[in-house]
Amino acid sequence: GALILADQGCCCIDEFDKMGNQHQALLEAMEQQSISIAKAGVLCSLPARASILAAANPTGGHYNKAKTVSENLKMSSALLSRFDLVFILLDKPDEDMDCMLSEHVMSLHAGTNRNNVLVGTARRNREATQSQSILALDEEQSLVERLKVNLGTEALDPVPCQLLRKYIGYARKYAHPKLSREAADVLQKFYLEMRKHRQSADCTPITTRQLESLIRLTEARARLELREIATARDASDVVEIMKFSMYETFSDELGVLDFQRSQHGSGMSQRGQAKRFIAELSRVADHNASPLFTVSSMKDVAKRIGINVQNFDDFIFSLNNQNFLLKKGPRTYQLQTASCL
């Protein structure tokens, strides 16, 4: 219902991980941009052309870098793959951000003006950024550097919320940019590089869905500035955003990039255990002439071959998410064919 009401707009979903079985209802909306309804013998398809901005919390309240995004959120791979970008927000200590946040909270309780907070923060950064200017943006700077606000040089005048809402509405209605040849070349080169580096069978598949995401984001980047043509600079900015998102997704607990990890795969520590466990289940299934296993019987198999995991239910969920196991009933799973190995 919310997606239909948000047609041609944006639907924001909080506590996305607590929706439970409602995730399946989003698959059609995010893929086909429509929702099919069958009520009282009436079949209809309603438009749901909405962007979805979702926020989810990891299970247990703590994000474990040794696990993948799917294992931390307990979310299916089919739904995660439909998001163009996935960002991991970790609470890392940062002196500047901590000062701004604490001053903002104190200003709310003290009743002071928020501009005074910015002035106080600017005073601390004045010496480091005195020779720079907000308007003098180097074309060679990265997107992260260009987005940083030099509070020490100029007073920050934020755009009012109502004016920003009108600007976004005007851009969505009147700006319809098209890709230039240069922008298309940048996106195609990045897509081909991703395909080349992920030819291994264990790596995350890169499909045309990622290429379509790049095109949508590039057009949105040009629409933000009310331009009719998406330039190569827009494509470069989108590629940088995509790389940042992928770095957070594929980096392990040591900060090392591992492209055999995925949003919906298993962590590095469990990959070898998973293959050994599935191989043993396959041997047991051939011996018993039945591919069905209960959770208790799988625990016995894991104990017999010396597999120790911190949470066995999470281990089974990961195998089910990777299509090694198929849930057939309450705490009952069916082993898939050996081709999934």
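**Helix packing, ring pairs and a parallel strand pair**

Gln273 lies in helix α12 (residues 268-288). The model is predicted: local features need pLDDT of at least 70, side-chain atom pairs count only at pLDDT 80 or more, and totals for chains, interfaces and linings use all residues. Residues are numbered from 1 along each chain as its sequence is written, and side-chain values use heavy atoms, with hydrogens and water left out. Helices (H or I, at least four residues) and strands (E, at least two) are DSSP runs, numbered from the N terminus.

Gln273 and Ile307 are separated by 34 residues in sequence, yet their C-alpha atoms are 6.7 Å apart. Contact means heavy atoms within 4.5 Å. With neighbours within four places in sequence set aside, Gln273 contacts Ile307, Asn308, Val309 and Phe315.

Phe315 belongs to helix α14, as does Phe312. α14 is mostly covered, with seven of its ten residues buried (under 20% relative accessible area; exposed is over 50% and partly exposed in between, with a 1.4 Å probe and protein chains only). The buried residues are Phe312, Asp314, Phe315, Ile316, Ser318, Leu319 and Asn321. Just after α14, Asn323 takes a positive phi of about 70 degrees.

Helix α13 (residues 295-304) packs against α14 (residues 312-321): their axes come within 11 Å and cross at roughly 100 degrees. Axes are lines fitted to C-alpha atoms, for helices over the stretch in contact, and angles run from 0 to 180 degrees between N-to-C directions. The two helices are therefore roughly perpendicular (65 to 115 degrees; under 35 is roughly parallel, over 145 roughly antiparallel and the rest oblique). On the α13 side, the contact is made by Val295, Met298, Lys299 and Ala302. Phe312, Asp313 and Ile316 make it on the α14 side. By class, the contact has five nonpolar, no polar and two charged residues. Here Ala, Val, Leu, Ile, Met, Phe, Trp, Tyr, Cys and Pro count as nonpolar, Asp, Glu, Lys and Arg as charged, and the others, Gly among them, as polar.

Aromatic rings were examined next. Rings of Phe, Tyr and Trp (its six-membered ring) pair if their centres lie within 6.5 Å; planes under 30 degrees apart count as stacked, over 60 as edge-to-face and the rest as tilted. The count comes to six aromatic pairs. One of them joins Tyr170 and Tyr174, a tilted pair at 4.7 Å centre to centre with 40 degrees between the planes. Both tyrosines lie in helix α8 (residues 161-174), four residues apart, about one turn of the helix. Tyr170 is partly exposed, at 45% relative accessible area. Tyr174 is also partly exposed, at 47%. The rings of Phe312 and Phe315 have centres 6.1 Å apart and planes at 50 degrees, so this pair too is tilted. These two phenylalanines are three residues apart, and both are buried. Ring pairs link Phe277, Phe312 and Phe315 into a cluster.

Strand β1 (residues 10-13) shows alternating side chains. β1 pairs with strand β4 (residues 51-54) in the parallel sense over four bridges; pairing requires at least two DSSP bridges. Leu53 of β4 is the bridge partner of Cys12.

Leu90 lies in the loop between α4 (77-80) and α5 (95-110). Leu90 is partly exposed, at 37% relative accessible area. Tyr63 is 27 residues away in sequence and 7.8 Å away in space, C-alpha to C-alpha. Not counting residues up to four places away in sequence, Leu90 touches Tyr63 and Lys65.
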